[in-house]
Amino acid sequence: MTDTDIFGQQVPVLIRNVRLNGKTQEIYLDGTGKIGAVSEKITEHDAEFIIDGDGATVLPGMINMHTHSPMGLMRGYSDDMQLFEWLSTKIWPTEAHLTEDDIYWGAKLACLEMIRTGTTAFNDMYFKMEQVANAVDEAGIRACLSYCMIDGGNHDKFESEVNVMESTVKNIKNRYNSRITAGVSPHAVYTVSEEGLTWCAEYAREENIPIHVHLSETEQEVKDCVAAHGMRPPAWLDKCGVLSEHCIAAHCCWLDADDITLLAKRGVTAVHNPISNMKLAGNRALPYPELKKAGVNVALGTDGASSNNDLDMFGEMKTAALLQKFFWNDPTVMPAGEALQIASPNGAKALGIKAGVIAPGYLADLILIGRNPLNVPAFNTDSNAVYATGGLAVTTTICNGVILMNDGIIPGAEEIMQKAGSVAENLVRRATAQ
Ligand SMILES: [Zn+2]
């Protein structure tokens, strides 16, 4: 097969001359979406395509555990504002104008950006998720997609949200695409009623799918929850049945010792979103040292591109490691290996997929960082990946054994960038028209 024919094909592939765990290795992808072999020399193989890594670093594909993919359309539209003012004057009025076509092109742009920066799976929460599913299907990456329920305490709204949630889950399940799975997302304790939270918890349990929620992002959220329900957000979610090993909770900044004990007891995954928290001045970092000590599975996410402003998990890893050291005043907190651990295997664990590790039997979701001044010398390739290279250093992205980017080339990238740019301009024009 030639370099151009290989895109989109799931065929046996041999990757030669790559750095893995300090050694030069070869990796065989078996043509069914899995890693078949990893060793210093693979002589027997039926590969139809060979990648010469030329000394590239190989890593598991990044897994972005909290984002709102279509929000890339609002990248750079409004920054540097107070959270509530930003949401109420910029984000929500623009979102009210989003069409299905906008969502589709926003998600196409997000998938392109993720492939370009080495992400092979993401956990997404937004609206009109069938359009996101179409984009993910075409892009070739992996995603867990959840409709975001917001009922605002209104019973009629709750009932209509239930209908949308059920039809979204049904439509996604009916695609029978192993790369695209469904989840359930009640937005947060301050936007969803008790009946909404309870219903989502039961429905996620019945469908045996993840429940993805924002949790304790700001101090105000905690204070309001205590005033309204007499308990902090984790306890309130637990009372509504939301907390379990299927629960993926984003932000988790304002947690106290009892909150951490409860998350650990229920097996919840806490997702660190350091850039979004810093940009919106949340004034507190996710308590990583305590969560780790309590045995909580911590994963990593970028949040939406309008509060980040990108989906580059390499930037997120570096920021997570730096914020944790800075905030807890301890440079030994979150070494590079742990930043990589939260950016991939821990996300795979939460999503219930066999990924995040480069070993036989695991999903063939992996990335290469090619020759690049920021990756020299190679004393510690984990350190280079977290602290030096950045996502644009990724040269090859493979998901489910299919090559999505090779040598920095992604077929159709130019059209997606052009179309998403014009869709975004149009959206803002409609949203700001008097
Ligand atoms: Zn979010």
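This is a predicted model: local features need pLDDT of at least 70, side-chain atom pairs count only at pLDDT 80 or more; totals for chains, interfaces and linings use all residues.

Me: OK, how many helices and strands are in the protein?
Reply: The secondary structure comes to 15 helices and 15 strands. The radius of gyration is 21 Å, close to the 22 Å that the globule rule gives for 434 residues, so the protein is as compact as a globular protein of that length.

Me: And what box do the C-alpha atoms fill?
Reply: Taken along the principal axes, the C-alpha atoms fill a box of roughly 65 × 45 × 40 Å. Buried residues make up 53% of the 434 residues, and among contacts with a separation of 6 or more, 73% are between residues 24 or more positions apart.

Me: Which domains is it divided into?
Reply: There are two entries in the assignment, domain 1 (13-60 + 364-413) and domain 2 (62-351). Their centres, taken over C-alpha atoms, are separated by 29 Å, and 21 residues of domain 1 are in contact with 24 residues of domain 2.

Me: Which elements of domain 1 give two or more residues to the side that touches domain 2?
Reply: Those elements are α14 (381-389), β14 (394-399) and β15 (402-405), with α14 giving the largest share, six residues. By residue type, that side of domain 1 divides into 13 nonpolar, six polar and two charged.

Me: Staying with β14, which strands does it pair with?
Reply: Strand β13 (residues 366-369) is joined to β14 by four bridges and the two run antiparallel, with leucine 368 having threonine 396 in β14 as its bridge partner. β14 also pairs with β15 in the antiparallel sense, over three bridges, and there threonine 397 has methionine 405 in β15 as its bridge partner.

Me: What sits in the turn between β14 and β15?
Reply: The two strands form a hairpin with two residues between them, and asparagine 400 in that turn has a positive phi of about 60 degrees.

Me: Is β14 buried or exposed?
Reply: Six of the six residues of β14 are buried, so the strand is largely enclosed by the rest of the structure.

Me: New topic: which residues of the largest nonpolar core touch the most other members?
Reply: Of its 132 residues, they are Cys111, Val136, Ile141, Val242, Ala249, Ala270 and Met317. Helix α2 (residues 100-116) gives this core its largest share, 10 residues, and the core draws at least three residues from each of domain 1 and domain 2.

Me: What is valine 242 in contact with?
Reply: Leaving aside neighbours within four places in sequence, valine 242 is in contact with Leu197, Cys200, Ala201, Ile211, Val213, Leu237 and Cys247.

How values were computed: Residues are numbered from 1 along each chain as its sequence is written. A nonpolar core is a set of buried Ala, Val, Leu, Ile, Met, Phe, Trp, Tyr and Cys residues joined through C-beta atoms within 7 Å. A residue is buried if 20 or more other C-beta atoms lie within 10 Å of its own, exposed if 12 or fewer, and partly exposed in between; C-beta atoms are placed from the backbone. Domain bounds come from an automatic or database domain assignment. Two residues are in contact if their C-beta atoms, placed from the backbone, lie within 7 Å. The radius of gyration is taken over C-alpha atoms; the globule rule is 2.2 Å times the number of residues to the power 0.38. Ala, Val, Leu, Ile, Met, Phe, Trp, Tyr, Cys and Pro count as nonpolar, Asp, Glu, Lys and Arg as charged, and the others, Gly among them, as polar. Two strands pair if DSSP finds at least two bridges between them.
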